Amino acid sequence: MQLSLNWLREWTNPAATASELAHKLNMAGLEAEGRPLAEHPLQGVVVGRILSAEKHPQADRLRVCTVDIGSGTPQQIVCGAPNARVGLCAPVATVGSTLPGDLHIKAAQLRGVDSAGMLCSAKELMLSDKSEGLLELDDEATPGTPISSYLRLDDTLLTLELTPNRGDALSINGLAREVGALYGLLPCKPAIEKAAITSSKTLAVTIENIADCSRYLGRVIEGINPQARTPDWLRERLRRSGIRSIHPVVDITNLVMLELGQPMHAFDLGKLAGPIHVRRAQAGETLKLLTEDTVHLGRELLITAGGQAAAMAGVMGGADSGVTTATTSIFFESAAFAPAAIAGNARRHKLSSDAAYRYERGVDTVLQAQALERATTLALAICGGQAGPVTGAGGDVKRAAIMLRHQKLIDLLGVEITASEVEVRLQSLGVTVSKAGEGAWTCTPPTWRFDIAIEQDLIEEVARLFGYENIAAKPYSAALIPPQQSESRRPAARIRDALVARGWQEAVTYSFVDPKIQARLSPAFAGIPLDNPIAETMAVMRTTLWTGLIGAWLHNHQRQMRRVRFFELASTFAETEGKISETPRLAGLAFGSATAEQWSDKARPVDFYDVKADVEAICAAFGGDASAFRFEAGQHAALHPGRTAALIRNGQHVGVLGELHPELVRSLDLPGAPLLFELDWSLLSAAHIPVAQAVPEFPTARRDIALVVDEAIPAQSLIDTAEAAAGPNLAQAFVFDIYRGLGLRDGSKSVAMGLIFQDYSRTLTVEEIDTQVTGIVAALAQKLGASLRG
């Protein structure tokens, strides 16, 4: 928001420079910055009046103007502005003056015609970022008056970046209250007199739900002058606030919004079909807005006239009821819409309006009558007409009282503030304060402060006005005890460290992803769409971390990073039966050579087993029995059907690992097929709590067997069968060699297994070991068709 400092000083005028005032506001939590309105002096620029405007003999778009600049001798100036016309008053840069941008004005010839000066636009004077012609001034402007004094350019623009909770400061009225409280001044609010009622014309108003709109006031004004022009003082106040002049009636509503903080709207009375009714939109309704866009409505709050939608309440008016240059009768709207009824409506339809910005943050619920009277007075003075009586519906909204304890305030702030000072500080903000026993007050927040709801809010207000810089830094009086880490869960930092130690790098990617790519990578889940996405390629919430990791890989690959190892630990989102679930996942992507470039090993591309080893290292970090984690042949729509494994933990599916599907590599135009894994962190992070065991006193015994089995039988099945057939003395079963080739039948392989036996109470005999080996071989033969290799 941007406001004129001169305008603010009309309401409250502290003995402070612009920079001092901005610093004071910043320290009070309202980010503010001041800059001069006219950063370049406009010496030699005066008010001029065009006496004649003839077509240039050599150029169709130029006009030869005779201009009165107050010197007694009219000057001839060639001008190309489309609005140059007889009688127009506009700024004139006289010969010898210098405009912003170091533009020196000299007497010159333009297409063979003498020109002594320059008629100026607001942009040429650096008073605006853009302009559509000469800066038009009031007809009453006196030629020869320096433009700096006429427009009061000795001004400072205050730019404020307010937090969403401070909607009360989005006006001169609100900012004056804040400045007055900071400097101990009472704002000098201009008196608002009731307009004279000279017409009996009214328009009935009803409200469907008082929770959506606590008050709605309106007034009819008939017989306004459609040729009326917005005066310069009003135009300047709007321009310095970043709002362009549109129409006198519209400009008045914008001025009232900037001055008092009450958004208003003006309807063309002749285009309203009947009485005003405030209600929610119904399914299938549409509304053509002032932007000429037609929106399809859901449950937005509407202003209807005779049953027809006339405006989206608190956001934007309708095109079919808007004020135009032909309007002669208007209906002013001044309402208190609830923030919850307006919030999100503008963003849902990709709209932006000053009214919605304020209503979403909260507008004073008792300001409507004052704003309506102010707008009426201005309208009658500028446009003429006859005002009717005020009609409306709704009533006051009472604020709940809050208990404030003096000792609680001191404990939270850590500084002694007297009870009398607390009362003065709060009362300066409009808070009603009354004693509630010893060391306590009952405080009722003002109607314009929606952000004050609990005791801590009041304490924060006292701290702001007392001055954060006056609260000395002190060490905590109590020791901070770090929370204990649960033994049943491994912290994420440990897994991050384990992966980094193995050469991986952590990536942090957006939760918003490209819906087309995600649909290919995770077809089983539909992404949750965003109402207002940053871009089409960031339109849905991610259901898998692979979408972001692939994007990060491509970004680096295009910058000659040929070997990448990226991992990410973050949340994914899915919607099931109308409920949104958030699942933390650990995912990784590997591409390029298996090892960094070196002299000792021959370079080779990373493969499935390299990444599987890294995943096994992650599993090892959780401790416990190695058999708790196992890999099985798996399937995933985005992975190669023959190079995919599922990670299982105690019978639960934890995640998948594999190579990206060749079809996806082609369709996404990738430089190769990366290796990917994605694990459910909620299932993975459960840790095994170790239990102490005695060190065995008796030796182990090993037996190796070579088995011939079908090629399709996985090694894990051999281990599972051996462990199930053996007794408690089998300490470990593992595969240490696989042979394919001569001496074996087609479609078979030889698997060499190691069997480790041990008893904690005695040394096993050869006979006992042989018996157990015989049982294992028999079980392998029976269940898997395995035979000992001769």
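Tutor: The buried residues of helix α6 are Pro248, Val249, Asp251, Ile252, Thr253, Asn254, Leu255, Val256, Met257, Leu258, Glu259 and Leu260. Buried means under 20% relative accessible area, exposed means over 50%, and partly exposed lies in between (1.4 Å probe, protein chains only). This is a predicted model, in which local features need pLDDT of at least 70 and side-chain atom pairs count only at pLDDT 80 or more, while totals for chains, interfaces and linings use all residues. Residues are numbered from 1 along each chain as its sequence is written, and side-chain values use heavy atoms, with hydrogens and water left out.

Helices (H or I, at least four residues) and strands (E, at least two) are DSSP runs, numbered from the N terminus. Because 12 of the 13 residues of α6 are buried, this helix is largely enclosed by the rest of the structure. Its length can be checked too: at 1.5 Å a residue, the 13 residues of α6 (residues 248–260) should span 18 Å, and the end C-alpha atoms are 18 Å apart, which agrees. The expected span is 1.5 Å times one less than the number of residues. After α6 comes Gly261, with a positive phi near 95 degrees.

At 66% relative accessibility, Glu140 counts as exposed. This residue lies in the loop between β11 (118–119) and α3 (147–150). Its C-alpha atom is separated by 8.5 Å from that of Cys89, 51 residues apart from it along the chain.

Strand β11 also belongs to an open sheet of five strands, in the order β5-β4-β3-β6-β11, with antiparallel pairing. Two strands pair if DSSP finds at least two bridges between them. The edge strands, β5 (75–79) and β11, each pair on one side only. Within this sheet, five bridges join β3 (residues 45–55) to β6 (residues 89–93), and Val45 has Ala93 as its bridge partner in β6.

Another open sheet has three strands in the order β1-β12-β2, again with antiparallel pairing. Its edge strands are β1 (2–4) and β2 (31–36), each pairing on one side only. Six bridges join β2 to β12 (residues 156–161), and Ala32 stands opposite Leu160 in β12. Helix α2 (residues 18–27) packs on this sheet, touching β2 and β12, and its direction makes about 165 degrees with that of β2. Axes are lines fitted to C-alpha atoms, for helices over the stretch in contact, and angles run from 0 to 180 degrees between N-to-C directions.

Helix α2 also meets helix α4 (residues 172–183): their axes come within 11 Å and cross at roughly 90 degrees. The two helices are therefore roughly perpendicular to each other, a label that covers 65 to 115 degrees. The contact (heavy atoms within 4.5 Å) is made by Glu20, Leu21, Lys24 and Leu25 of α2 and by Leu175, Glu178, Val179, Leu182 and Tyr183 of α4. By class, this contact has six nonpolar, no polar and three charged residues. Ala, Val, Leu, Ile, Met, Phe, Trp, Tyr, Cys and Pro count as nonpolar, Asp, Glu, Lys and Arg as charged, and the others, Gly among them, as polar.

Conventions. Parallel < 35°, antiparallel > 145°, perpendicular 65-115°, else oblique.
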